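Open the model in your viewer and keep the selection tool at hand. We will go from stop to stop, and at each one you can pick out the residues named.

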Amino acid sequence: MLSKLIVLSCLVAVAICESKLKVDVVSVPEGCTVKSKNGDMLTMHYTGKLTDGTKFDSSFDRDQPFTFQLGAGQVIKGWDQGLTDMCVGKSSASASSSYSPYSNQTHPFWSTPAGEKRMLTIPPELGYGDRGAGNVIPGGATLVFDVELINIGDSPPTTNVFKEIDENKDMQLSREEVSEYLKKQMVAADGGQESEDIKNMIAEHDKLVEEIFQHEDKDKNGYISHDEFSGPKHDEL
């Protein structure tokens with residue numbers, strides 16, 4: 001009887017261990033000065049796979065990192081628990097969070113050195129549980145994420161700029177829509193008053209609009225589609 005209890009206890013212990021989140025640190029950058037904590041805005045690149053190696057999602061495929069608030073329930077529990085105390089070097093930590101997608105400069109998230117990399121093995125109870133997610137993640141699936149921290153910020157993620165520009169909600173941006181948005185942003189940046197500097201910027205902003213379309217309108221059809229738009233375009237992921 002005692003031996004059976006011991007075996008049963010061992011089986012329970014194994015089951016508990018298997019259900020725990022596993023965090024493997026792959027690499028840590030030099031000059032590690034900032035670590036992530038609950039409440040921080042994290043910008044990450046990631047690839048998600050099932051345990052058989054099947055990839056179900058990747059920010060690399062979209063060429064767009066994902067930004068969210070750590071510890072706020074915006075992501076699965078395995079992420080909220082597994083991404084604390086991640087490190088970024090000085091250059092990544094100081095990347096500007098106010099970058100405008102309407103610039104020909106390289107996005108700071110893409111140009112800064114890589115931050116800490118981890119591999120998270122997430123049990124279903126800290127992932128999508130028995131329900132799974134759509135047709136790509138079956139119920140009860142253990143998830144494996146390769147994650148790379150790009151930036152740590154202390155402000156909320158950038159709003160869905162695409163939605164703000166797309167006034168007629170046709171999922172593509174015209175020159176007129178981009179032009180009007182830029183004018184509003186210029187005036188708002190000057191406290192709602194059209195100073196001489198702002199008036200001069202507005203007068204010359206047609207050139208900026210054309211630069212934006214040269215950069216964003218990949219198929220050159222005169223519109224910037226949702227897929228082509230490189231700025232913030234998701235409310236949440």
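**Before you start**

This is a predicted model, in which local features need pLDDT of at least 70 and side-chain atom pairs count only at pLDDT 80 or more, while totals for chains, interfaces and linings use all residues. Residues are numbered from 1 along each chain as its sequence is written, and side-chain values use heavy atoms, with hydrogens and water left out.

**Stop 1: the whole chain**

Helices (H or I, at least four residues) and strands (E, at least two) are DSSP runs, numbered from the N terminus. Of the 237 residues in the protein chain, 38% are buried. Here buried means under 20% relative accessible area, exposed means over 50%, and partly exposed lies in between (1.4 Å probe, protein chains only).

Now switch to a surface view. The protein chain exposes about 13600 Å², and carbon and sulfur atoms supply 52% of that area. Accessible areas come from the Shrake-Rupley method with a 1.4 Å probe, and for residues only the protein chains shown count as cover. As for contacts (heavy atoms within 4.5 Å), among those in the protein chain between residues at least 6 apart in sequence, 67% join residues at least 24 apart.

**Stop 2: the disulfide**

Which cysteines does the disulfide join? Select cysteine 32 and cysteine 87, whose sulfur atoms are 1.5 Å apart. The structure holds one disulfide, a term used for a pair of cysteine sulfur atoms within 2.5 Å. The pair links distant parts of the chain, 55 residues apart: cysteine 32 sits in strand β2 (residues 32–35) and cysteine 87 in strand β6 (residues 87–89). Cysteine 32 is partly exposed at 33% relative accessible area, whereas cysteine 87 is buried at 1%.

**Stop 3: the nonpolar cores**

Next, select Met44, Phe68, Trp79, Leu83, Leu143, Phe145 and Val147, the residues with the most contacts inside the largest nonpolar core, which has 24 residues. A nonpolar core is a set of buried Ala, Val, Leu, Ile, Met, Phe, Trp, Tyr and Cys residues joined through side-chain atoms within 4.5 Å. Strands β3 (41–50), β5 (66–69), β7 (117–122) and β8 (143–153) each supply at least two residues of this core. Its largest share, five residues, comes from β8.

Zoom in on tryptophan 79. Not counting residues up to four places away in sequence, tryptophan 79 touches Met44, Tyr46, Phe66, Phe68, Leu70, Leu120, Ile122, Phe145 and Val147. Apart from this core lies another, of 12 residues, including Val161, Ile165, Ile212 and Phe229.

**Stop 4: a patch on the surface**

Select Val23, Val25 and Val28, which form a nonpolar patch on the surface with about 230 Å² of accessible area together. Patches are made of residues with over 30% relative accessible area and no salt bridge: like charges are joined within 9 Å, and nonpolar side chains (Val, Leu, Ile, Met, Phe, Trp, Tyr) within 5 Å. A salt bridge is a side-chain nitrogen of Lys or Arg within 4 Å of a carboxyl oxygen of Asp or Glu. Valine 25 belongs to strand β1 (residues 22–27) and is partly exposed, at 49%.

**Stop 5**

Is serine 59 buried or exposed? Serine 59, in helix α2 (residues 59–62), is buried, with a relative accessible area of 0%. Leaving aside neighbours within four places in sequence, serine 59 is in contact with Met44, His45, Tyr46, Gln64 and Pro65.

Move on to serine 179 in helix α7 (residues 175–189), which is buried at 11%. With neighbours within four places in sequence left aside, serine 179 is in contact with His205 and Val209.

**Stop 6: the loops**

Aspartate 63 lies in the loop between α2 and β5 and is partly exposed at 48%. Aspartate 85 is in the loop between α3 (77–82) and β6, and its phi is near 60°, a positive value in a residue other than glycine. Finish at lysine 220, in the loop between α9 (205–216) and β10 (224–225), where phi is positive at about 55° although the residue is not a glycine.
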